[in-house]
Amino acid sequence: MIDTPADRLARATPEPVAKRIRGMSDRAIAWIFVAPTIFLLLSINIFPLIWTIRLSFTNFAANKPNAEVKWVGLRNYIRILTDADTWANMQTTAHFLIWTIVFQVLIGFSLAWLINRKFRGNDLVTTLIVIPMMLSPAVVGNFWTFLYQPQIGLVNYAVEFLTGIPADSFSMLGPGGWARWAIVIVDTWMWTPFVMLICLAGLRSIPDYIYEAAEVDRASKWRQFWTITLPMALPFLMLAVLFRGIENFRMFDLVVLLTGGGPGDETLLASIDLKREAFEKWRTGYSSAYAIVLFVTVFGLASIYVKALNKVKER
C-alpha cells in the first residue's frame, strides 16, 4: 500500500485536532479556507477607504509628513462643492462620459446585430473588430497621437480629403474645441467591441422559437426588432452601459497620453484633476475629500442604475 503525503499528514495530526475537524460541517470547513482570502481583500480595500475618509477631514500633506496635522472638519468638502473649477471638470467628465456611451452603444449594438446574422467570414470579422480592446491604453494613446499629428497624421489628411480644409491648418489635440471630441473618438474606437460582445451575447440568448412564432403571426422584421429583439436584449445593453459608465467616469490613462488634460483645461477630467491635487500640489487631505466625493457620486448613480436594471430584468 502506497503511503501518500495525505496519509502521513493525517497520522501527524494530533488526535484532539483530528476529532475537532471530523466534527465540523462542510460549511465551516469552507469558511476556514475562504477566510484568509476575505481577510486579505478587506485589508486591501476597506482599510485604505477608511484611512482616506479620515484624511479627508484634515489638512494633511504627504510631502510634509512631519508637519502638524489639523482637523478641518467639512472644510475640504465645502471647498470642493463650491469650487467653480471642480464643477467645470465634472462637466468635462460628463461630456466625455455621455458621448462615449452614446456612440459605443449605437455602434456596438449595430455591429452585434449584423454579426448575429450568420454570413461568410463571420468569425474573422468578429476577431478583427475586437482587436482594439485587446491593446494596452499606452499603445492606443501613442498610436492615436501619431494619427492626430497635424503634419503627418492620417486623420487630418482624411478631413482635408472630405472637406477641403488644409491638413496643417488645425490640430485635433490643440486649441479649437476638437480635443474633447478627439478623446471621445479614441475611446469609442477602443471599447465599442466590448459593448458589441455583451450585446451579441444578449442577441444570441433569444430563443429562435420566438421569432418563428412572430413569423407565423406575419410580423415584419421591423416589428420583430422592436417587440422581440430590443426588449429581450435590453438588460444586456444596460449592463454594458453600466460597465462603460463606471470605467469612463474614472478614465485617466488614455486621456493623459493623448492630451494630458489640455489644451488648457479643455480635457481636464475629474480623475486627472484629482491626480494633480494629490501628487503635484500635494494637498493630500483635500484630494482625499475629492476622491470620496467622486466615489459617492459613482456609487450613488450606479446604485440607482442597478435598481432600474433589475426592474427591466423582472419584466
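User: Helices are DSSP runs of H or I of at least four residues, strands are DSSP runs of E of at least two, and both are numbered from the N terminus. In which helix does Ser288 lie?

Analyst: Ser288 lies in helix H14, a helix that covers residues 284-314. The model is predicted, so local features need pLDDT of at least 70 and side-chain atom pairs count only at pLDDT 80 or more, while totals for chains, interfaces and linings use all residues. Residues are numbered from 1 along each chain as its sequence is written, and side-chain values use heavy atoms, with hydrogens and water left out.

User: Why is Ser288 called buried?

Analyst: Buried means under 20% relative accessible area, exposed means over 50%, and partly exposed lies in between, with a 1.4 Å probe and protein chains only. Ser288 has a relative accessible area of 7%, and therefore counts as buried.

User: Which residues are in contact with Ser288, leaving aside its neighbours within four places in sequence?

Analyst: Contact means heavy atoms within 4.5 Å. With the neighbours within four places in sequence left aside, Ser288 is in contact with Thr52, Leu55 and Ser56.

User: What makes Ala302 a buried residue, and where is its place?

Analyst: The place of Ala302 is in helix H14. Its relative accessibility is 16%, so Ala302 counts as buried. Apart from neighbours within four places in sequence, Ala302 is in contact with Leu242 and Ile246. Ala278 is 24 residues from Ala302 in sequence, and the two are 25 Å apart in space, C-alpha to C-alpha.

User: Why does Phe236 count as partly exposed?

Analyst: The relative accessibility of Phe236 is 28%, and so the residue counts as partly exposed. Phe236 has its place in helix H11, and beyond the neighbours within four places in sequence it is in contact with Ile198, Ala201, Gly202 and Ser205. From Phe236 to Leu49 there are 187 residues in sequence and 31 Å in space, C-alpha to C-alpha.

User: What makes the peptide bond from Gly262 to Pro263 cis?

Analyst: The omega of this bond, from Gly262 to Pro263, is near -5 degrees, and the bond is cis. Pro263 has its place in the loop between helix H12 (253-258) and helix H13 (270-279).

User: How many helices and strands does the protein chain have?

Analyst: The protein chain comes to 14 helices and 0 strands.

User: How does the radius of gyration of the protein chain stand against that of a compact globule?

Analyst: The radius of gyration is taken over C-alpha atoms, and the globule rule is 2.2 Å times the number of residues to the power 0.38. For 315 residues a compact globule would have a value near 20 Å, but the protein chain has 27 Å. The C-alpha trace spans about 85 × 75 × 45 Å along its principal axes. Of the 315 residues, 36% count as buried.

User: Which residues does UniProt list for the domain and for the transmembrane region?

Analyst: UniProt positions are given in the numbering used here, feature names are shortened, and annotations may be inferred rather than shown by experiment. The unreviewed UniProt entry lists residues 90-305 as "domain: ABC transmembrane type-1". In the model, residues 90-305 are 75% helix and 0% strand, with their end C-alpha atoms 19 Å apart. The annotation "transmembrane region" in the unreviewed UniProt entry covers several spans, including 96-115 and 127-147. Residues 96-115 are 100% helix and 0% strand, and their end C-alpha atoms are 28 Å apart. Residues 127-147 are 90% helix and 0% strand, and there the end C-alpha atoms are 23 Å apart.
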